[in-house]
Amino acid sequence: MKRPISLQKRLSLGLTLGMTLLWLGATAGTWLVVQHELDETFDSALEATAQRILPLAALEIGNRRGPRRARHVATLKMDSEYLTYLVRDADGRILMRSHDAKLKIFSHRPTPGFTTTDKYRLYSASIENDSIVIEIAEPLAHRREASREALLALLLPLLGLIPISLLGTWLFVRLSLRSVLAYRRAVEARGVGDLSPIQVARLPAEIDPLAEAVNHLLERLRKALEAERSFTANSAHELRTPLAATLAQIQRLRQEAPEGPLQVRAAKIENALRELARLSEKLMQLAKAEGGGLLSQSPEDLIPLLAHGVEEWNRGAAARIRLQLPEATRVCTAIDPDAFGILLRNLIENALKYGDPAQPVDVSLSTDGCLRVINGGPAVPADVLQRLTERFVRGNSETSGSGLGLAIAQSIVHGVGGQLHLASPASGRDDGFEVRVQFPQQTPTQP
Ligand SMILES: Nc1ncnc2c1ncn2[C@@H]1O[C@H](COP(=O)(O)OP(=O)(O)OP(=O)(O)O)[C@@H](O)[C@H]1O
Ligand SMILES: [Mg+2]
């Protein structure tokens, strides 16, 4: 599957690219305007200089005595001149030239006004009926340098703006999406069976309706599940009294019936009723295991709960259960004591029922909150083992049962945030069956 692109990356790249393109467009426009204005300014300076020199040159030429010969005009600074000019008469003879004027850049018969060559911008003007003509030249390099510098000044900020925009957008989007990340974490942190609405403050307006829709969905799901559970629990509960009454009646009938087939039949009905009562009891346990209320308000110490549960079983099971408790004084986890009782009952009941009656059942709890129930007997094949925690799934056992015990255990363990693991053969042995429950550990609250 294609990995989704992050909004943060998309916005950072998109906004930076957009800003860069706009900046480049604006730079191109500004540069054209600046170039035009520069040309106008340089041209008007060139024209003004020619118009100033021309009357002075005419005056100087008019005051000359003798034949008209070209005269070099020295500059104040003797290094290369910026503007150079030539003054000619109507026949094109040079009457005056600036100190640095190179003849080849000027035309013999200049056209009035501005002309441009490869390297120069020229301006020509005349007075006294075209008898004195001036042509003044300005190297283009100067204008080109000015326009290059203007372009550079416009482009240079972009070098800083691109990383600033990338980083700024990235940070801004990250800050803006903080509440969305908090929402994601709140959803991920949900335990199994927690279908209460997810509350996250200040979600963006685009996400808020989505969160509301999810909450509505959760609410509908919670109601549907609750209805299903309460139906199971109620039906099992409602069955309890009539079942008990019928069982009592059938027991009396069996006692009162004469020896023979009637008594055998009554015994069969009694057994079937007992199975029915067990099934209704398991259904009630399943409804509790899959409902809320598995977690206790404060962490519970598992040691006394376990000791008490095992002691009850040992009273009736010929002391087959060996209990091993940790050295630690307390092993605490947030589990409802009733739920822990149901879990323990199902695991021990299985171990006694399916384990080798000649071998003991080992129940142990470690300091890190790992409960183990191990019994002897033939190992269960791996493919069967995998499916045993599903509802109504049973192994190849001849003994009666409904296939709900391990499903109930699994629901309770997941409901309190723990892990249930089945192993057969049991660890460190080549036979037997082991159920391992790892509880999340909590520090006990001080009384
Ligand atoms: N300690 C065990 N040793 C060997 N097999 C086991 C053990 N515990 C469970 N099993 C196998 O897993 C199957 C499912 O057990 P589970 O407790 O879910 O149902 P059940 O015991 O058959 O019926 P229920 O517990 O609802 O009366 C059992 O039928 C049995 O084959
Ligand atoms: Mg069972």
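Helices (H or I, at least four residues) and strands (E, at least two) are DSSP runs, numbered from the N terminus. This is a predicted model, in which local features need pLDDT of at least 70 and side-chain atom pairs count only at pLDDT 80 or more, while totals for chains, interfaces and linings use all residues. Residues are numbered from 1 along each chain as its sequence is written, and side-chain values use heavy atoms, with hydrogens and water left out.

**Domains and distances**

- The domain assignment, which comes from an automatic or database source, gives domain 1 (21–161), domain 2 (208–290) and domain 3 (300–438).
- The centres of domain 1 and domain 3, taken over C-alpha atoms, are separated by 104 Å.

Helices (H or I, at least four residues) and strands (E, at least two) are DSSP runs, numbered from the N terminus. This is a predicted model, in which local features need pLDDT of at least 70 and side-chain atom pairs count only at pLDDT 80 or more, while totals for chains, interfaces and linings use all residues. Residues are numbered from 1 along each chain as its sequence is written, and side-chain values use heavy atoms, with hydrogens and water left out.

**Domains and distances**

- The domain assignment (bounds from an automatic or database assignment) gives domain 1 (21–161), domain 2 (208–290) and domain 3 (300–438).
- The centres of domain 1 and domain 3, taken over C-alpha atoms, are separated by 104 Å.
- From C-alpha to C-alpha, K268 and E40 are 117 Å apart in space, and they are 228 residues apart in sequence.

**Helix packing**

- Two packed helices are described by the angle between their axes and the distance between the axes.
- Axes are lines fitted to C-alpha atoms, for helices over the stretch in contact, and angles run from 0 to 180 degrees between N-to-C directions.
- Helix α4 (residues 208–256) packs with helix α5 (residues 261–290) at an angle of about 160°, their axes being 8 Å apart.
- The two helices α4 and α5 are therefore roughly antiparallel; angles over 145 degrees count as such, those under 35 as roughly parallel, 65 to 115 as roughly perpendicular and the rest as oblique.
- The contact of α4 with α5 has 15 nonpolar, 7 polar and 7 charged residues, where Ala, Val, Leu, Ile, Met, Phe, Trp, Tyr, Cys and Pro count as nonpolar, Asp, Glu, Lys and Arg as charged, and the others, Gly among them, as polar.
- Helix α5 and α9 have axes that come within 8 Å and cross at roughly 20°, which makes α5 roughly parallel to α9.
- On the α5 side this contact (heavy atoms within 4.5 Å) is made by K282, Q285, L286, A289 and E290, and on the α9 side by G405, A407, I408, S411 and I412.
- By class, the contact of α5 with α9 has 5 nonpolar, 3 polar and 2 charged residues.
- Helix α7 (residues 337–354) packs with α9 at an angle of about 145°, the axes lying 9 Å apart.
- In α7, the residues A339, I342, L343, N346, L347 and N350 meet G405, L406, I408, A409, I412 and V413 of α9.
- The contact of α7 with α9 divides into 9 nonpolar, 3 polar and no charged residues.

**Loops and backbone**

- T389, in the loop between α8 (382–387) and α9 (405–415), counts as buried at 17% relative accessibility.
- Beyond its neighbours within four places in sequence, T389 is in contact with L406, A407, Q410, L420 and L422.
- Most residues other than glycine have a negative phi, and most peptide bonds are trans.
- F392, in the loop between α8 and α9, has a positive phi near 60°.
- R202, in the loop between α3 (178–188) and α4, has a positive phi near 50° and counts as exposed at 78% relative accessibility.
- The peptide bond from S424 to P425 is cis, with omega near 0°, and P425 lies in the loop between β12 (419–423) and β13 (433–438).

How values were computed
Chains lettered and ligands numbered in written order. Buried < 20%, exposed > 50% of the residue type's maximum accessible area, 1.4 Å probe, protein only.
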